[in-house]
Amino acid sequence: MTANSTSVVMMRRMSKRFKNVVALDRVDFEVRPQEIVGLVGENGAGKSTLMKILIGLYQPDDGEYLLNGRPIKFRTPQEAMRQGVGMVFQEGCMVQNLSVQDNVFLGHEDGFRRWRVLDRGAMRRECKAILDRVNLRLDPDTLVRELPPAERQMVEIARLLWLLKRYGAPNPVMILDEPTTVLQEKEVATLFAALREIKKEASIVLISHRLEEVIENSNRIVIFKDGKYVDQMPAAGADIHRIEELMVGRGMRGNHYSEDKQRIPAPNERLRLENVSKKGFFEPMSFSLREGEIISLVGLIGSGKEELTKCLLGVARFDGGRVFVEGKERTIRSPSDAIRHGIGHVPIDRRQEGLALDFNVADNINMLVLRRLKAHGLISPRRERENALHWVEDGRIKTPSVKTKCGNLSGGNQQKVVISKWLSSGVNILVLDHPTRGIDVGAKEEIFKRIRALADHGMSLIIMCDTLEEDIGLGNRMIIMKDGKVTREVECPGDAKPTPQDVIEAIV
Amino acid sequence: MDNVQADALPKRPQSYLTGLKEGGRAGWLLAQGLMFLGAVWGQLLSLAIVCLIFGIGSGGRFLSPDNIHAIVGLAGVPALLCLGVHQIVVMGGMDLSLEGVVAICGVVCGLLLKNNVNSMDVGFWILPIVVALGGAVGLLSGIIHTKLKMPSFIATLGVQWVFFGFAILISGGRSIPIQDARFQRLVTGSHILGIPNLALVGVFFWLVFEIFQSRTKTGIAMYAIGGDETLARQAGINVNRVKVIVFAICGVMYGIAALFLVTRLNSAAARVGNLLLFPAMTAAAVGGVSLTGGLGRARNAVLGTVIISALNNGMVMMRVNPYLQEAVNGIVLITAVALTIDRKKLGFIK
């Protein structure tokens, strides 16, 4: 990269190490005016570290940082904000109990002071104008906690844009970290439409695991791997497989979901739902799940698929219909009923629901089976350790020891711990809710393999995935729901997978 | 595992006011009024129920102008205390120093106003003195809480005993009769439209706090801290500074309340503060201030105080056994907290 007088941000030879780990190794990075830069790389590639240096949350060990051609050093994110560099974090930074307008102006209300108190009318008007910029029609007095995630995110983006402009930066730089993970397809489209508008007056750095999205919506793609800059290319006409290769450094073949390992499930029914229904969510429906079968449950939000799994897991209850597990009729009134009948659940949000992050690997794996690990009436530490070691090995969990806190593992390994927890408990039906969310490409493939191996060993799975490709690729069969009804059932044999185009009209 | 569909969209609130709000000044005012009522309808309902029960039970005596006058007058001091303490609760903290601050301020009032123990008579100068003293003690609590990084309930528990001790020390453990008749008339009188002056003071501070909470940076920051302290810090709010300021403001309220309390009682002693924390906390909870922080405004504090005052007045009027009255207050506190607490935020009960 040559020094370009027109670049907004120019970083050269940025290096950062944490203890023994080199997070960034002489990385170059540039942001030009009015462009969207897609920054891609596996987890741990150094994207977040670089962004945190960009906004002054971290200080680089070495390297040069030019903003609008002038060398700069930010000590805090507030300083960076005043110079027009800011970030929307993945986890969001809106205070739930405050209204939209209080959140938008939080910490920056000074401009609205009149007669020593804040002019609420002016704040409202300004807030409305800000929301208009991202095409959001919202009452500024709405509490943020009442907003759906998509709107929350738009508010955050609008807020950041306003803040960056507020201090007069000529070309602000907005960093968006995985902005689409919480969004539905339609909302993603709205987001990018808004970003294209914003692009006219700002530059955007887009970090995303969804490569299709990055290719489609950015101008330029920068690829990082293992803390190093690898390559960059114009987004127009970029080849997804090429990018994947550069990201992971090894060829990714067509057999992404180990389709060749897909088995024909055993004939015996493990779970049968007969005319189950829940008023207001889904109409009476029936299907059965065989031993070793993977069913992809497909549908948009509001299709009723979440409520269906909730009822199955005992979090909610069916209004009518009958549930048979291994041929016996069962009623599921609570999650512990579900577990007793052998139904386990890998939740979408493993950090909140699936794992106790402060517990170590062994404690998490053993959580459901402590009773079995007793010796002489007390829980035996030796058995605990043995059981944990067995499942760590079985699941190829990469952890320094079984005593490592789960919070210190990578997302992929955390997910493997959750799965192992259920396997060790002996359930034979597993509901996987977006098992690969927030996990990088390489680790995803391992999760796919793991899912295949589970089915191989006779586990019956119901999965709901992030992308339709994943649903098709992994499932033996797809059950497609729309507006509370099953619209189609599609067989997905390993050698004759349908294409997303084949099934999309049943979904939307 | 009670939230399987983390990506499910919560239902959009029906914005039934949006239409009105676009309709100019009058519409806007109407909307604000509706919103105000909407935020406290549960409290208004409880108040109505209390009035109904006691109104019928006392054969209308409870709702007589004289009795309402008495209730409103009695609610004055607790309202000032609750206006103070509820803000600490809003920040997600707890202030147990209330009784100690009232004790020290009360005793100081006794010793500085015209009394029969010494020859002091500072007259109206007492007001800035209690404001400064209460504020200073609040400031101290805030500083201990933030600088020593101590949970607020521990910091304030310590402060409570320190100042309760001082109050006994400087008062010699005695009651100090106050002989300032002017003050006494002012505090117990009803000079405007027959409304008790104490009630007017309460209303005045209520409005002051409403403005503070919605129209100042510190006020908004207070709610942000109660909602999520880390996020508030990330937004560039100086969290410690806000906390110290809010603690100081609350101290000021305790000081002013102490002044009115001792002049009404016509005597000051360290124990005047005793048993004032519980009704103030109950009032906050009944008024709808969430003990998990972030929710509840000055109006909630005031309404809560009125409800508690009406309840206690009614029970006295109905000759309810005094011990049973205490039990009722306890039940009310538990019920109110059970109804207002945000369990989602709590995660699990510690």
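Predicted model: local features only at pLDDT ≥ 70, side-chain atom pairs only at ≥ 80, totals over all residues.
How many residues has helix α13 of chain B, and what span does it reach from its first C-alpha to its last? Residues are numbered from 1 along each chain as its sequence is written, with chains lettered from A and ligands numbered from 1 in the order in which they are written.

**View 1. Helix α13(B), residues 298-317.** The helix (a DSSP run of H or I, at least four residues, numbered from the N terminus) has 20 residues and reaches 29 Å, close to the 28 Å expected at 1.5 Å a residue, that is, 1.5 Å times one less than its number of residues. Of these 20 residues, 16 are buried (20 or more other C-beta atoms within 10 Å of the residue's own, C-beta atoms being placed from the backbone).

**View 2. Contact of α7(B) with α11(B).** The axes (lines fitted to C-alpha atoms over the stretch in contact, with angles from 0 to 180 degrees between N-to-C directions) come within 9 Å and cross at roughly 105°. The two helices, α7(B) and α11(B), are therefore roughly perpendicular (65 to 115 degrees). Phe183(B), Gln184(B), Val187(B) and Thr188(B) of α7(B) meet Phe260(B), Thr263(B) and Arg264(B) of α11(B), contact requiring C-beta atoms, placed from the backbone, within 7 Å.

**View 3. Surroundings of Cys105(B).** Beyond four places in sequence, Cys105(B) touches Val130(B), Leu133(B), Gly134(B), Tyr254(B), Gly255(B), Ala258(B) and Leu259(B).

How values were computed
Contact = placed C-beta atoms within 7 Å. Buried ≥ 20, exposed ≤ 12 C-beta atoms within 10 Å, placed from the backbone. Parallel < 35°, antiparallel > 145°, perpendicular 65-115°, else oblique.
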